[in-house]
Amino acid sequence: AALGIQSGDEHDPFAPPQVWVYPVREDAYARAARVISETPPSRTGRQRLFLAALHGHTTKRITPPPASAFAPFDQAVLERAHSPHWVVHELLNIASEARLDRVVARIEHCKDADGYEVRAFCMPGALPHLSPLVVGTHHLFLGLEDPRFNRVGAMVHMESRAAVDLAVAYFATLWEDR
């Protein structure tokens, strides 16, 4: 409400959005993975998943452990990328050679996924931004960079069509920026 976002639905267009805060990274990624997995396909076309991992070049990143909290999240995104009912767009800032290698491996894994598209860039000296994750038409996660990993450390989850519309417009400006 402080952002001036009115969510609502067909029954009450002025109902405030529902908001959850996840200050612990593991909880944030677990919740995001559940939302991605539980969001049903659209009845009118492809459902969307937009992810912008906009990390800065502020510190040296470490590789997450293989059994990390990120694995279910990554699996949920990859399942949606390979689904004919979803469109997945990822926007990534490449902050290191190791990061580039992981992105290339992900692209190779998804090369046959019809609805999967990635745009990557490298901007030395880039500052971290809020990293949006849009799931479907009602779920928006905004994450703050975790300086240890190429991930976010905390997230806010909003269930709001208006917030999603705003984030999609923001994502589109990033996506189309050459």
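**Close-up views of the predicted model**

View 1. F50 is buried, with a relative accessible area of 11%. Keep in mind that everything shown here comes from a predicted model. F171 is tucked away too: its relative accessible area is 3%, so it counts as buried.

**View 2. Y29 meets F73, one of four aromatic pairs.** The ring-pair count for this model comes to four. In this one, the ring centres of Y29 and F73 are 5.0 Å apart and the planes sit at 85°, which makes the pair edge-to-face because that angle is over 60 degrees. Y29 is in helix α1 (residues 25-38) and F73 in helix α2 (residues 70-81), so the pair ties together parts 44 residues apart in sequence.

**View 3. F50 stacks on F171.** Here the two rings make a stacked aromatic pair, with 4.9 Å from centre to centre and 10° between the planes. The pair links distant parts of the chain, 121 residues apart: F50 comes from strand β2 (residues 47-53), and F171 comes from helix α4 (residues 161-176).

View 4. Helix α1 has 14 residues and runs 20 Å from first C-alpha to last, close to the 20 Å expected at 1.5 Å a residue. Its buried residues are R25, A28, Y29, R31, A32, A33, V35 and I36. Ring pairs join Y29 into a cluster with F70 and F73. Over at R31, the charged end sits above the ring of W20, 5.7 Å from the ring's centre.

**View 5. The largest nonpolar core.** This core has 25 residues, and I36, L49, F73 and L133 touch the most other members. At least two core residues come from each of α1, β2, α2, β3 (86-93), β5 (131-135) and β7 (151-159). Zoom in on L133 and, leaving out residues up to four places away in sequence, you'll find it touching A32, I36, L49, F50, L51, F73, H139, L140 and F141. Another core, of 12 residues, lies apart from the largest one; F50, L140, M158 and V168 are among its members.

**View 6. P40, out on a loop.** P40 sits in the loop between α1 and β2. With a relative accessible area of 52%, P40 is exposed. Setting aside residues up to four places away in sequence, P40 touches Q47 and W86. P40 and W86 are 46 residues apart along the chain, while their C-alpha atoms are 9.8 Å apart in space.

View 7. For the chain, mean pLDDT is 82, with 80% of residues at 70 or more.

Notes. Residues are numbered from 1 along each chain as its sequence is written. This is a predicted model: local features need pLDDT of at least 70, side-chain atom pairs count only at pLDDT 80 or more; totals for chains, interfaces and linings use all residues. Side-chain values use heavy atoms; hydrogens and water are left out. Rings of Phe, Tyr and Trp (its six-membered ring) pair if their centres lie within 6.5 Å; planes under 30 degrees apart count as stacked, over 60 as edge-to-face and the rest as tilted. Buried means under 20% relative accessible area, exposed over 50%, partly exposed in between (1.4 Å probe, protein chains only). A charge sits over a ring if NZ of Lys or CZ of Arg is within 6 Å of the ring centre and within 35 degrees of the ring normal. A nonpolar core is a set of buried Ala, Val, Leu, Ile, Met, Phe, Trp, Tyr and Cys residues joined through side-chain atoms within 4.5 Å. Contact means heavy atoms within 4.5 Å. pLDDT is the predictor's confidence in each residue, from 0 to 100. The expected span of a helix is 1.5 Å times one less than its number of residues.
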